[in-house]
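Let's walk through this protein together, one stop at a time.

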Amino acid sequence: MPPAERARLLAGEHHEPHAVLGAHPTPTGVAFRVLRPYARTVTVLAAGIRAGLHHDGDGFFSGLLPLRTVPEYTLQVTYENDDADDVAPREVQDPYRFLPTLGDLDLHLIGEGRHEELWKALGAHPMTHQSVTGTRFTVWAPNARGVRLAGDFNYWDSTGFPLRSLGSTGIWEVFLPGVGEGERYKFDITRPDGSHTMRADPMARRAEVPPDNASIVTDSHHVWQDADWLAHRADRPVHEAPFSVYEIHLPSWRPGLTYRQLAAQLPPYLTDLNFTHVELMPVAEHPFGGSWGYQVTGFYAPTSRMGTPDDFRFLIDALHRAGIGVLMDWVPAHFPRDDWALAEFDGRPLYEHEDPARAAHPDWGTLEFDYGRTEVRNFLVANATYWCEEFHIDGLRVDAVASMLYLDYSREHGEWTPNEHGGRENLDAVGFLQEMNATVYRRNPGVVTIAEESTAWDGVTRATHHTGPGGFGGLGFGLKWNMGWMHDSLGYVSHEPVHRKFHHNEMTFSMVYAYSENYVLPISHDEVVHGKRSLVSKLPGDWWQQRATHRAYLGFMWAHPGKQLLFMGQEFAQGAEWSEAHGPDWWLLDPSYSAEPDHRGVRDLVRDLNTTYTATPALWQRDTDPAGFAWVEGDAAEDNVFAFLRYDNAGTPLLAVSHFSPVVRHEYRLGVPTEISGHEGISAWQEVLNTDGLRYGGSDVRNPEPLKPESVPYHGRPSSIQLTLPPLSTVWLRPV
């Protein structure tokens, strides 16, 4: 072997080790070259052949056999202590006798950034190649001078396991026979300056339990049983279907449970409360539990804290079979700087932007992705569809979209550079989000994408091919969190009732823009941590008034146009802030606790809200249609009253009345419609839900009898009803 080739292999800087190692025809026979550090002998075994190779030093063995062609062969390897330990010689396959495992089409699509199933091409994949079982390892590292593989299978010494570079794609590959599931590994990357860095696989589909961070070879053996769910998932558009979401942090919902234990407890809890969906805070692998999963290092690996990837599949399967849709928080906005993960992966900025000012996220000390680089965009777009296809996820809630869209996000003047048009929009991020949404919707019917976007960006939920007044096509999301509604409505109810009249517009302003996007009304984890207090603790008054306002607010929220999301613990009025260290205060529901009825009552209300909501198309069928809503009384600031109508496609109405004063109002008159869709008269209105009900912990002020309309014009309508408004309550009524 030429000294230069030998030196490059030992330094981990060889681009084509398969051209040097292995078996190669020569004019005088077949040359065999093997790199096996610490080996004592290496012998070539083939049909009728047993030939010991010469030890050339530094772990190199070679020999020239008088053969015309390269035979099918194996290697017999012995080590220094084998005799003392009574270990038989090892017969192994030579990794450097195999052809590449990636085809030209894969490489072409990767080079173009259009490989929509990237996870099937890159990473570690157990397979049978040339009739031999093993694992293919591939990684994208275009700036590397060389890449080697370290793991359990070579005692974490990468010297004898270099990968080959596949053309100009930046992809490195090797097939290792005999390596299978459960083996831990990392890539030993030689940087452009010649130094080395050990990196976890960006495409790893399984990782060690943190704080350990090696990647693990894995394959799925889960047999899905949710075919019926998937077959009907797309029967109705999400924005025209019931959509009531329970947000959960899996590791702390009931701390200590595995995915499979959660599969036994979470589905019945959700079905009992009649939620239609559950939203999982990020489950992709992350090193720091205190980040709640929002600083991801393993974008293709469910966190191993609660089990294996197949265990996670088992949980999702169980939820689907219980009729629960599964949403997942997805974080393509940034990634942490851990030196074993994505940051300067091959010695230079790769996944992050090459401009340090663009790369550094000013708020979280993390790095932003380079959305303009085709391979990075491909990594993220494929990741979005990966979760939907490999784990049957029904929706992705995309975190921190605003931080992606604006070049000046959290940056002062002079800390950012305008785009090519002189604007502040991140055109690369816009293009990425449009491509991601278009790809996910095209490949996964019935899936929904949801934007956590806190600005007034135009067209977040508009189709990508429809250009808006700003000159941009829509971002293509299905739904958007209504952060304005959340901020304004929480501000209103946090005031003392006597002061609420001065903030009346905070509850009505949302209807000015309610149909500009397809909205979700979120009371999420962000609103009940870091000193913000839990929902019930934000509210003024004594404990009875706090609970009453809590219930009234939920009734208002469920009736308001838009879908609903409620974070765990708020369904039973937990008084303490959420902490990932111990999760919800389940002891509040212990029958031996004196105040247990107070908390159980709120949870009973949430169950009835969801039950009535799902059974009432007026509350969800026309969430994005202005004709599905009409104010009855939006100006009763002195009374702290809000009354409005919701209509289904047939014109059948539901009347929602919220009253945020701690007094009873008798004979409160409201104008009501007299007929349904111009043909069916309304003879009376029946109370179908009252948050002041005794079983919810209220004072049980009700309207027990049907309320017959009177021919008294009111609120611009020819007839009206008189009803009793309970204190701090929401009442729903519908035609008898």
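Begin at helix H11, where the buried residues are Met 483, Trp 485, Met 486, Asp 488, Ser 489, Leu 490, Gly 491, Tyr 492 and Val 493. Keep in mind that you are looking at a predicted model. Since 9 of the 11 residues of H11 are buried, this helix is largely enclosed by the rest of the structure. What do the buried residues of H11 pack against? Their neighbours are strand E24 (479-481), H12, helix H13 (510-513), strand E25 (519-523), H14 and E28.

Helix H14 covers residues 543-559 and helix H15 covers residues 596-614; their axes come within 11 Å and cross at roughly 10 degrees. An angle under 35 degrees counts as roughly parallel, so H14 and H15 are roughly parallel to each other. The crossing in which H14 passes H15 is right-handed. On the H14 side, the contact is made by Trp 543, Arg 547, His 550, Arg 551, Leu 554, Gly 555 and Trp 558. H15 contributes Asp 598, His 599, Val 602, Leu 605, Val 606, Leu 609, Asn 610 and Tyr 613. Sorted by class, this contact of H14 with H15 holds 8 nonpolar, 4 polar and 3 charged residues.

Now turn to another helix pair, H5 and H6. The axes of H5 and H6 cross at roughly 15 degrees and come within 9 Å. By the angle criterion, H5 and H6 are therefore roughly parallel to each other, and H5 passes H6 in a right-handed crossing. From H5, the residues in contact are Tyr 259, Arg 260, Leu 262, Ala 263, Leu 266, Pro 267 and Leu 270. From H6, they are Asp 310, Asp 311, Phe 312, Phe 314, Leu 315, Ala 318 and Leu 319. What is the make-up of the contact of H5 with H6 by class? There are 11 nonpolar and 3 charged residues, with no polar ones.

Is Asp 311 buried or exposed? With a relative accessibility of 15%, Asp 311 counts as buried, whereas Arg 260 is partly exposed at 38%.

Arg 373 counts as partly exposed, at 25% relative accessibility. Another salt bridge brings together the side chains of Lys 501 and Glu 638, at 3.5 Å from N to O. Lys 501 lies in the loop between helix H11 (483-493) and helix H12 (505-508), and Glu 638 in the loop between strand E27 (629-636) and strand E28 (641-647), so this pair ties together parts that are 137 residues apart in sequence. Lys 501 is partly exposed, with 31% relative accessibility, while Glu 638 is exposed at 60%. Salt bridges can also share partners: Glu 116, Glu 117, Lys 120, Glu 389, Arg 442 and Arg 443 are joined in this way into one network.

The last stop is the backbone. Most residues other than glycine have a negative phi, and most peptide bonds are trans. Against that background, look at the bond between Pro 210 and Pro 211, which is a cis peptide bond with omega of about 10 degrees. You will find Pro 211 in the loop between strand E15 (196-199) and strand E16 (215-216).

Two residues other than glycine show a positive phi here: His 392, near 60 degrees, and Glu 667, near 50 degrees. His 392 has its place in the loop between helix H8 (374-390) and strand E22 (395-398), and with a relative accessibility of 11% it counts as buried. Glu 667, by contrast, belongs to strand E30 (residues 665-672) and is exposed, with a relative accessible area of 59%.

Terms used: Residues numbered from 1 in each chain as written. Predicted model: local features only at pLDDT ≥ 70, side-chain atom pairs only at ≥ 80, totals over all residues. Heavy atoms only, no water. Buried < 20%, exposed > 50% of the residue type's maximum accessible area, 1.4 Å probe, protein only. Salt bridge = Lys/Arg side-chain N within 4 Å of Asp/Glu carboxyl O. Helix = DSSP H or I, 4+ residues; strand = E, 2+ residues; numbered from the N terminus. Axes fitted to C-alpha atoms, helices over the stretch in contact; angles between N-to-C directions. Parallel < 35°, antiparallel > 145°, perpendicular 65-115°, else oblique. Left-handed = near helix turned anticlockwise from the far one by under 90°. Contact = heavy atoms within 4.5 Å. Nonpolar A, V, L, I, M, F, W, Y, C, P; charged D, E, K, R; others polar.
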